[in-house]
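Welcome, and thanks for taking a look at this one. Please open the sequence and the model side by side before reading on.

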Amino acid sequence: MLNTPLPSTQTMTGGTHSPGNVVLRLSGVSKSFGSVAALSDVSVGFHAGEVHAVLGENGAGKSTLMNIISGVFQPSQGQIEVSGQRVATMTPELSAELGIAIAFQHPAVLSDLSVMENLRVALPASLFEGKPAQVVARALLDAVGLHVPLQARGDTLTVAQMALLEIAKALAIRPKVLILDEPTASLDQDATDMLFGRIRDVVKAGTAVIYITHRMAEVRQIAQRVTVLRDGRKRGEAMVRDVTDQDLLGLIVGRALGSTFPPKATDAGAEVNLSVRNLTGEQFKNLSFDVTRGQILGVAGVAGNGQSELMRALAGLLPWKGEVRLNGEALNDASILHKAAFMPSDRHAEGLAAGLTIRENAALSALGAFSRFGFVSRTRETEEVAATFQALAVKASSIEAATSSLSGGNQQKVVMARALLSQPGLIVADEPTQGVDVGARAEIYKILREVSLRGTPVIVNSSDAAELEGLCDKVIVLSRGKMVASLTGDDVSEAKIVAAAVSAGTHAEISEAQTAAKRTGWRHFVQTDNAPVIPLAVVIVLLGLYGFSQNTHFLSAYNVANMLMLATALGFIAMGQTIALLLGGIDLSVGPLAGFMVVVASFFINDGQSGATILAGFALMLAAGLGVGLINGVLIRFANFTPIAATLAMYIGLQGCSFLLRNGPDGYINSDVVAWITWEIGPIPVAFIVLLGFALGGEYLLRQGRVGWQLRAVGSNENSARRIGIPIDRVFLAGYLGSALFTALGAIMLMAQIGVGDPQQGVNYTLSSITAVVLGGTSLKGGRGTFIGSVMGAILLMEVLNAVSFLGLSQTWQYVFQGALILTAAVVYSTLRTRAAR
């Protein structure tokens, strides 16, 4: 019945449904990753004005199919047609131009950019024309019920808020084809109802909606047509009203599926395994409950009413006050950390280490059990992990495979395996089945039940009331952080859980209002990239005053000009280093490149040379910089060199080239050129004013220009940046070219300062530039940074160097002070941002 497309035009409600033309068609599409076939010969068409649901277990190929449609992946075979026109090579940029929008299951939200910047970098510039950008952005968020400050950083949003932001981006361009990949996985009922209303609106306007879900009820509620994938193949297609849930389940799992939920505990005794009294913490207070042997406790409530905070507190991740006893043992907020195993709601951000293998992820919390005399037994580790994976039915090509190669359900099983291998006294599961297919859900429910029957208390937080009804023996309902209901036995029903939550009169906007309050005033400023500017300015002033108190010549016009001149050379090079670090890379070649360019200039920019020769010297300096920047970018993006390896190789090569050209200081720089470069207005070098202009202009582009948003987006999360259509390779090449150009400006200043081509000069600028950038608050992880902070870091470094000389201290103290500054800056910035986030 489902093995061939059905011609029916009846909707699930019994009315007549007349689909529009096929706006998107895939024919014979296959996709392989190495020897693994993710899709095999899939053909399907999507009609205008219709919701087409795509069902399948995790690993069935749904997300791979959507990534092919959106241009993230290229098919191994087959073709794609949009509005009847064949598309030879689909890319994220082209898919957006063709009117295809996608809201990914794992939102492509850039954590280091604000909500506003996330919208601006992902959406066409034309969308913000004619009206203030803030007005347009607020309207887009209001349309999906997302009430958060536009300046809030992406990493401050909850999982649900990120999902709504992703949906807002997809709806904003009024697409011809709208792909929604598990859009309700993290949404509460109100947000889900809102989303369904928006889907119906766009369908009426003629949009083809591709709706990927694991929830059968949602298919009945919103879709007209359904396609089932299993093991990368299309297993059937039909109109929704013409197929039963049992038929769909059979096609999804390929086998008869019994009850989703295991039987509840019938012999749960009076033995209390977990006793909680008057528990108070962040966003919850005075909670008391017991969990007896064999029971699973559920935590319910409208999103944002303290459930997630309670789960994190019980896992030892947030502080709390009150009394907690586990098997009679009194615990505090520190000791409970070593007793509880936590399964976070966002497995990608908190549950898995992306760079580790499946085995390594599973064994992380149990390494002590596999160790003897401080050494881990690989044999025992492998045996235990393999046995646990077998018990959990983890589907993986190898336990040494990357976690990213697993489907969502199997990734969640790895998180569960780590929890079980640690032999915990308590399991705390926050949304354990979020984004997991129906087959994997049943297996997870079974495992949680088996664990509880063995005497380990299990606490589950879920936004799905039906899930809590089927799984839990007891459910507590929270509202505004207080317990408003405790349900047991037959009272644990979806209707009573929802009624208790709704009758409390609270909703998800509480957390959003709190988020808004947190991001105002100084708290918001501390979270901005330019927050370090104030403490840097204070330190610079205080150090200047201290130097003046010890030697009145420290702040003389001559000495101030000298410090600013030195800071100008370092400042330009630090700005180049900032670009590389914003990309998530690094440029170790900046120091030798500056020295090499000065050596090159020493052959052309000399006294007695013609103007044309001098100009040729400057042109060669610029060409050398561009050439080095291009080579660095190509090595990193196309030759698979790491940024450290590529720029270190360039560091060594450039230093060697400098000594090949000159084996010692020679080739004195034209005195008139030096005079022009070092021209001063009072105690202020004109070149320093130019540096400030570049810093302010660069800062404006970083915050208000698409080039700046793209630069920071790539450094924040390259994969997410690629998914929203940013040309990653082009941005990387442009970034390293920009780094080289700023280094060239720094080399011009260095040339004027030393006045001669010296192959030994410039090398120290690599370390000094990194130090200045770190002092300025730029993150070594990428995505966050500031040109203004880097320039101020350069000023502070030169001031320290000058103060050491004025105070008659040895050079050793220069390095001691630099190290102390870096450590202090790291601690202060980290502490302030953490407190502001809370």
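Predicted model: local features only at pLDDT ≥ 70, side-chain atom pairs only at ≥ 80, totals over all residues.

**Strands β1, β4 and β5**
- Strand β4, spanning residues 77–82, pairs with strand β1, residues 22–33, in the antiparallel sense over 5 bridges.
- Within that pairing, S27 has Q79 of β4 as its bridge partner.
- β4 also runs antiparallel to strand β5 (residues 85–87), and 3 bridges join the two.
- A hairpin is formed by β4 and β5 with 2 residues between them, and S83 in the turn shows a positive phi of about 55°.

**Nonpolar cores**
- The largest nonpolar core has 118 residues, and the members touching the most others are L24, I69, I210, I726 and M751.
- Helix α20 (residues 557–582) gives the most to this core, contributing 14 residues.
- Another core, of 55 residues, lies apart from it and includes V51, L119, L150 and L248.
- Leaving out residues up to four places away in sequence, M751 touches V598, A601, I605, F618, M621, I669, V673, I677 and V756.

**Helices α25 and α30**
- Helix α25 (residues 686–704) packs against helix α30 (residues 787–806) at an angle of about 150°, with their axes 8 Å apart.
- Angles over 145 degrees count as roughly antiparallel, so α25 and α30 are roughly antiparallel to each other.
- On the α25 side, F688, L691, L692, A695, L696, G698, E699 and L702 meet F787, I788, V791 and I795 of α30.
- The residues of this contact comprise 10 nonpolar, 1 polar and 1 charged.

Conventions
Residues numbered from 1 in each chain as written. Heavy atoms only, no water. Pairing = 2+ DSSP bridges. Helix = DSSP H or I, 4+ residues; strand = E, 2+ residues; numbered from the N terminus. Core = buried A, V, L, I, M, F, W, Y, C linked by side-chain atoms within 4.5 Å. Buried < 20%, exposed > 50% of the residue type's maximum accessible area, 1.4 Å probe, protein only. Contact = heavy atoms within 4.5 Å. Axes fitted to C-alpha atoms, helices over the stretch in contact; angles between N-to-C directions. Parallel < 35°, antiparallel > 145°, perpendicular 65-115°, else oblique. Nonpolar A, V, L, I, M, F, W, Y, C, P; charged D, E, K, R; others polar.
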